[in-house]
Amino acid sequence: MNLIHAGVVFLSKSLLIRLENRLARDLFGWTEERSIAPLSDVLPIDSEEYQLLCRIVSEDCEYRDAVVKWEVGGTVRHVLMDSFVARHAQSDEPGVYVVLRDMGNFALLNQHTERIERIATIGRLAAGVAHEIRNPLTTIKGFLQLLEQRLERADMLDEIAYIRVMMQEIERVNALVAELLMLSKPHEMTWTSVSVLEVLQHLRPWLDEEAEKRGVETVFEVPADLELQADRGMMEQLFLHLAKNALEAMDKGGRFTVRGRAADGRVELEFSDTGPGIPYYLFDRIFDVFYTTKEKGTGLGLAICQRIVADHGGQIRVSSKGFGTTFTVSLPQTRSSSLTVIRHRQSS
């Protein structure tokens, strides 16, 4: 019964309920050790859930995939309900088996679906725009390089400096285009064994320079043997975006901390800052494409982080308590686990 991804209960004609598995206990908010009790002990008599179950057993109602609002202990869910008139397999009592599949909160489900559709639309738009931008940029860059060579031969140093400024700006636009393309389509993954500490050490020169500019202390609490199977290039981008986000939140000193650990076949990474924090009402928006609270931000960094983590079968979440923010990344430690999670998401 505990292997079934649904709560299973048996309700007898005498209104004695049997909670047949763990998920049923969770759905009914039942914390006592006994799994058999009068229905009135499990649900308030005046609740809609109690009245519904009473009607099902008294009228021998059989439901198939009925969507039911389920509120127990202040938690509101929506469940798919099936009911079967039968005798209990062990006690032979007459009654009804009720199977409840938790669908969560419809409002959150709708928000998630809308976000996925919005990202897909933006992705298609970004792909078209990115290609249209990249082609003329490549032409402009090529002519600027030729012009730079001619100016060097003519020893025109001021003009060469102007050309190099233009080249730098072109590279900035190219980097933005690359980020747009990353959001717009899936990428081929090069799976390899990645040392978390090695990736951080590779980014260390940039991290140290940026931290010194802001007077920020950097702390790494990552075991030397912490590894996972992943695309190394994507891991570098993920760590870079999260570190950049944390450092930019601390303009006048603070501490940037990276913690890592392995637990239950997963790698858990925390990127924490001691900045002003993020208001709780923005938690659902910070991963939206083009949403940013920074003057010069593009609103792509966290969306890219979410995409990279999802492509590896992981999750990313944020927490902030008044001051300071922590982004927690949870990734499967092996490729087989990552692919299992990704296939499950695609099928659902």
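Which residue forms a salt bridge with Arg55? The partner is Glu59, and the closest N and O atoms of the pair are 3.9 Å apart. A salt bridge here is a side-chain nitrogen of Lys or Arg within 4 Å of a carboxyl oxygen of Asp or Glu.

The model is predicted: local features need pLDDT of at least 70, side-chain atom pairs count only at pLDDT 80 or more, and totals for chains, interfaces and linings use all residues. Residues are numbered from 1 along each chain as its sequence is written, and side-chain values use heavy atoms, with hydrogens and water left out.

**Salt bridges**

By the rule above, the count comes to 20 salt bridges. Three of these pairs are listed here.

| Pair | N to O distance |
|---|---|
| Asp41 and Arg34 | 3.5 Å |
| Arg55 and Glu59 | 3.9 Å |
| Lys141 and Glu171 | 2.6 Å |

Helices are DSSP runs of H or I with at least four residues, numbered from the N terminus. Lys141 is partly exposed at 24% relative accessibility, and Glu171 is partly exposed at 38%. Buried means under 20% relative accessible area, exposed means over 50%, and partly exposed lies in between (1.4 Å probe, protein chains only).

Arg55 and Glu59 both sit in helix α3 (residues 48-59), 4 residues apart, or about one turn of the helix. Arg55 is partly exposed, at 34% relative accessibility.

Asp41 and Arg34 belong to a network of salt bridges that also includes Glu32. Relative accessible area is 42% for Asp41, which is partly exposed; Arg34, at 35%, is partly exposed too.

**Helix α7**

Helix α7 (residues 232-248) has 17 residues. From first C-alpha to last it reaches 24 Å, close to the 24 Å expected at 1.5 Å a residue; the expected span is 1.5 Å times one less than the number of residues. Buried residues in α7 include Met234, Leu238, Phe239 and Leu242, and also the polar side chains of Glu236, His241 and Asn245. At the start of α7, a side-chain oxygen of Asp231 comes to within 3.1 Å of the backbone nitrogen of Gly233.

**Surface patch**

Val129, Ile133 and Val173 form a nonpolar patch on the surface, together having about 190 Å² of accessible area. Patch residues have over 30% relative accessible area and no salt bridge; like charges are joined within 9 Å, and nonpolar side chains (Val, Leu, Ile, Met, Phe, Trp, Tyr) within 5 Å. Accessible areas come from the Shrake-Rupley method with a 1.4 Å probe, and for residues only the protein chains shown count as cover. Val173 is found in helix α5 (residues 157-184) and is partly exposed at 33% relative accessibility.

Conventions
Helix = DSSP H or I, 4+ residues; strand = E, 2+ residues; numbered from the N terminus. Polar contact = N/O pair within 3.5 Å; in protein donor to acceptor, adjacent residues only side chain to side chain.
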